[in-house]
Amino acid sequence: MEGVSYQRFPRVKIRELKDDYAKFELGDTDASMANALRRVMIAEVPTIAIDLVEIEVNSSVLNDEFIAHRLGLIPLTSEKAMSMRFSRDCDACDGDGQCEYCSVEFHLRAKCMGDQTLDVTSKDLISSDHNVVPVDLADSYAYDSSDQQRGIIIVKLRRGQELRLRAIARKGIGKDHAKWSPAATVTFMYEPEIHINEDLMETLTLAERQAWVESSPTKVFDLDEATGQLKGCLLLQEVVVVDHEAYTYDEEVIKKAEAMGKPGLVEIYGKEDSFIFTVESTGAIKASQMVLNAIEVLKQKLDAVRLSEDTVEADDQFGELGAHMRGG
Amino acid sequence: MLKTGRMVTQSGLDLQQRAGYTVEAERLNFLRFISFFRAVHRGASFAGLRTTSVRKLLPESCGFLCPVRTPDGEPCGLLNHMTSTCRVTSYYDSQGNVRDFSKIRSSILSVLIGVGMMPSLPKLVKAGPPAALSILLDGRVVGAIPSSEVEKVVAHLRKLKVSAASVIPDDLEVGYVPLSMGGAYPGLYLFTSPPRFVRPVRNISLLPEESENIELIGPFEQVFMEISCPDGGNGGRSNDFSATHEEIHPTGMLSEVANLTPYSDHNQSPRNMYQCQMAKQTMGFSLQAIKHRADQKLYHLQTPQTPIVRTSTYTKYSIDEYPTGTNAIVAVLAYTGYDMEDAMILNKSSVDRGMCHGQIYQTETIDLADDGSRSDRSQRAFRRNRDNRSMHSVIDSVGLPYVGQLIHPGEPYCSIYDKTTNSWRSNSRKGSERDFVDYVAVDIKNSKNLLQKANIRFRHTRNPIIGDKFSSRHGQKGVCSQLWPDIDMPFSGVTGMRPDLIINPHAFPSRMTIAMLLESVAAKVPYMDATPFANSVKKANGEAGSESKSLVDEFGEMLKTCGFNYHGVGFFPLEQSTKSPGSQSKEESVVEVSVLEKWNEIPCLLMGQHDRLHTCSDYHVADVCSICGSMLTASFIQPQRRAVREIGGLPPARAPKKVTCHACQTSKGMETVAMPYVFRYLAAMNIKMTLQLSNGAEV
């Protein structure tokens, strides 16, 4: 491991942070790092989701598998998922995956007695562990609490129909099934760097500038009222970048500039070492926690590589990668 | 006969076919089901015929039979479907009473006499064309009328047809064959009888005072009528003609299924035919009452959706009650090589979340009275074996399975006891699927005391797997080749959106399903009306003017501003400065398309693919001059005979082939190079090919 160190010290700048939404800037690192983080967040941060359903009574219109599938997709609060055991590695319960270390039990009993349709929702799921409950959407800003929002609808029952079941939730990762993915959306983009050629811009009339500004489908540029300067009898406003992150690499403005006969009016690069991350969570874990957990998982994965760095087994364990690590 | 559709006769009854008189209306999905009730088969005997004239769509059937909704292949043109507007006249009136046709005929006769027909009944009038035309009612000569009067009579009859109060039925066919040289025999042919095809058109010769002036016309009369179509084309007639009738909407000539294709007027026509084929194969909602049905096999889509881009037919026929698919985020991308040649990649996470999940319902009917001889019929009964405990978890005390029970392959699901032999029998599921018992129905209608018949419906999930066929609504089908992990999918930097499925862009150039592109663009807004010909109809009504441009116009303009023209990207105008603009012939692009699909992928594939794509494909060894780079100028020099002979005695050794470059007049730069044969093909088509050789690249 001698020689030049390529170690970098990535920096994170948080832009916006809500329970289920985070926007941050990841700088001083490269695309492989950013993508690794994205992939781990989607596929390898563990959460808890219903995995086994035992249906006692189901006289609803949906069949058993359909209800079981719907139950699986309900996000459960999974703060304790990182410390929980995978039921396949659990030695407390001999692998049947029903002990307190690796599973949470849920019960659901609903029967429609009245004439009105009864909505069976995630709120009707009774958990054996108060830490692991269906995500409460009513808390979130997206739903109006006055709207009597009662969680995620599982099935609707009419008079006389009944649903009774027992469900086991287990820890898992999104790689195995999408229901364990804590991420609704994780994406990153290169931070754009926009340079307007002021000299060329000078040659444009106001109408041309207006047309050029409007050619961008997102609001990246605008005409600045303040810096407007009088030229002849005309007020010529300067074009300014109002929000360079709104740029979606659609190149519409560049094409527009070419169509106007002014190629090089604007130059836009993606900064190769700065990324803007947008993270949306399903609610299973907080968006910020999701990022931290992802880094933790990533570390664990790298540790697994490093531990067997100089052992012979490394070759068996990692194949070509092991040999490569030891300087092959 | 009704069950099998097979005619059992000794003589053959002089019929041309014996089988196929009835067909089972399959309920694979609802579109298939309704198609059976709109289908017209020309007869199996024509299928064997060499001549293809019966398969043609004739002018009289235009508007009655759908030009799109016919299968390709053997029954093409023989198995047709009625258009969505086409109807069959009935023996019953709208109240369901039997119509009195003799009364209808006599009332028509009195009307005809009223307008000046000379009736033939009391005394046969000897009159014939050209002075007078005979009038036939349902094939019987009822009289004659002077040729000068006929047009007026026809117009009068049509007016009476349309008006609700008259005694003339609205489905009367007024076939007026005018005087012509060498045409059909002139006359006025009236038809009242069922069953005839009729379809509605708007009569524009009448004053638009009452109602819509919708007239029902038949195939015989339409050939002699002037019907304009608001698609702007007027049936390809260049000269003006005074139309007496007008089509209600151009989509009236398409069947229900063909009408479901959005923007179908922008597709290459065979694609619309393929689409009609495939719409009937999709897994969707075949019925609403699955709970109470005991069909042999039913497919059911778990989470169907209504398409975002809909035609007006979806609303008109409530297709949403019987949906046949879901919307999906599609990426058109040559991504991994797993989407080559009409394969497609599904997003595994999307499938995990329930996209395209479905169920198959299968019903088994067990009738104990059915099999076995008469003597032991009542001796058998459903009963559980008390001694065989292993069965008890699956089968209840009656001998039938529990509802909701999971049955593994090979496991018994019902148990039958035979009293005479004192033996037990159990039925088990065939196949390798795990089934759930969905419902059990017993039939005690015929037996006095013992349960003899039971319907057991099984259900198993049918989720997308590799090898399943998926299709768009434009005859573009593909096979799922991989369930690709979500994280490996391309994603949008701004929204983070990942595609549900990936298809290859090469599916488009040769198939020209422009409507599919239009649909993709249109689906970006919440609701779009994608009824075909919508554009032209507006124009004809003259109301368009201020109305906003249609999507198609918008899209076309967009392409134009991006430098596309009718021929594609603006190659040709640019090329004018160079010497050869147009002669870079069309063939080039044809070759390109077929080759492209392979070449494009090379960077993503491993070296092993070199063998697949090159060595096994069009491997060719050619001599190339490395100085001028040409492969055409190479020419062989015959080694001199004498030089060989001088060795004498020995068999002539194979002289080294000497190759020179004709252009450079030297053999110095000649190299033997392996290359795809297509290079030579391109070179032979006047396309200048220069190869730059380097030592390392030699194969």
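This is a predicted model: local features need pLDDT of at least 70, side-chain atom pairs count only at pLDDT 80 or more; totals for chains, interfaces and linings use all residues.
Student: Where should I begin with chain A?

Tutor: Begin with the inventory. Chain A has eight helices and 12 strands. Buried residues make up 31% of its 328 residues.

Student: What share of the contacts in chain A with a separation of 6 or more comes from residues 24 or more positions apart?

Tutor: The share is 68%.

Student: How do I read a nonpolar core?

Tutor: In soluble globular proteins, nonpolar side chains tend to be buried together. Here the largest nonpolar core has 56 residues. Met41(A), Ile50(A), Leu76(A), Ala169(A), Val279(A) and Met290(A) have the most contacts inside it. Helix 1 of chain A, residues 31-43, gives the most to this core, with six residues.

Student: Which residues does Ile50(A) touch, not counting those up to four places away in sequence?

Tutor: Ile50(A) touches Leu71(A), Gly72(A), Ile74(A), Phe106(A), Ala167(A) and Ala169(A), with that exclusion.

Student: Now chain B. How do I read a helix with one buried face?

Tutor: An α-helix has 3.6 residues a turn, so residues three or four places apart point the same way. Take helix 4 of chain B, residues 147-162. This helix has 16 residues and reaches 24 Å from its first C-alpha to its last, close to the 22 Å expected.

Student: Which residues of helix 4 of chain B are buried?

Tutor: They are Val150(B), Val153(B), Val154(B), Leu157(B), Arg158(B) and Val162(B). Seen down the axis of helix 4 of chain B, the buried residues fall within an arc of 165°, so they line one face of the helix. The face turned away from that buried side carries the exposed residues Ser148(B) and Lys152(B).

Student: What covers the buried residues of helix 4 of chain B?

Tutor: The cover includes strands 5, 6, 7, 8, 9 and 10 of chain B.

Student: How do I read one of those strands?

Tutor: In a regular strand the side chains alternate between the two faces of the sheet. Look at strand 8 of chain B. Gly187(B), Tyr189(B) and Phe191(B) point one way, and Leu188(B) and Leu190(B) the other way.

Student: Why is strand 8 of chain B described as largely enclosed by the rest of the structure?

Tutor: Five of the five residues of strand 8 of chain B are buried, so the strand is largely enclosed.

Student: And its partners?

Tutor: Strand 5 of chain B, residues 132-137, runs parallel to strand 8 and is joined to it by three bridges. Leu136(B) stands opposite Tyr189(B) there. Strand 7 of chain B, residues 173-177, runs antiparallel to strand 8, with five bridges. In that pair Tyr176(B) stands opposite Leu188(B).

Student: How do I read a strand order?

Tutor: Follow the strands across the sheet. One open sheet of five strands in chain B has the order 13-17-23-22-19, with antiparallel pairing. Strand 13 (297-301) and strand 19 (406-407) of chain B are its edge strands: each pairs on one side only. Two bridges join strand 19 to strand 22 of chain B. Ile407(B) stands opposite Asp435(B) in strand 22.

Student: How many residues does each chain bring to the contact?

Tutor: Chain B brings 19 residues and chain A brings 24. On the side of chain B that touches chain A, helix 8 (348-352) and strand 23 (453-461) are the elements that give two or more residues. By class, that side has five nonpolar, 10 polar and four charged residues.

Terms used. Residues are numbered from 1 along each chain as its sequence is written. Chains are lettered from A and ligands numbered from 1 in the order in which they are written. A residue is buried if 20 or more other C-beta atoms lie within 10 Å of its own, exposed if 12 or fewer, and partly exposed in between; C-beta atoms are placed from the backbone. Helices (H or I, at least four residues) and strands (E, at least two) are DSSP runs, numbered from the N terminus. Two strands pair if DSSP finds at least two bridges between them. Two residues are in contact if their C-beta atoms, placed from the backbone, lie within 7 Å. Ala, Val, Leu, Ile, Met, Phe, Trp, Tyr, Cys and Pro count as nonpolar, Asp, Glu, Lys and Arg as charged, and the others, Gly among them, as polar. The expected span of a helix is 1.5 Å times one less than its number of residues. The arc is that of the directions from the helix axis to the C-beta atoms. A nonpolar core is a set of buried Ala, Val, Leu, Ile, Met, Phe, Trp, Tyr and Cys residues joined through C-beta atoms within 7 Å.
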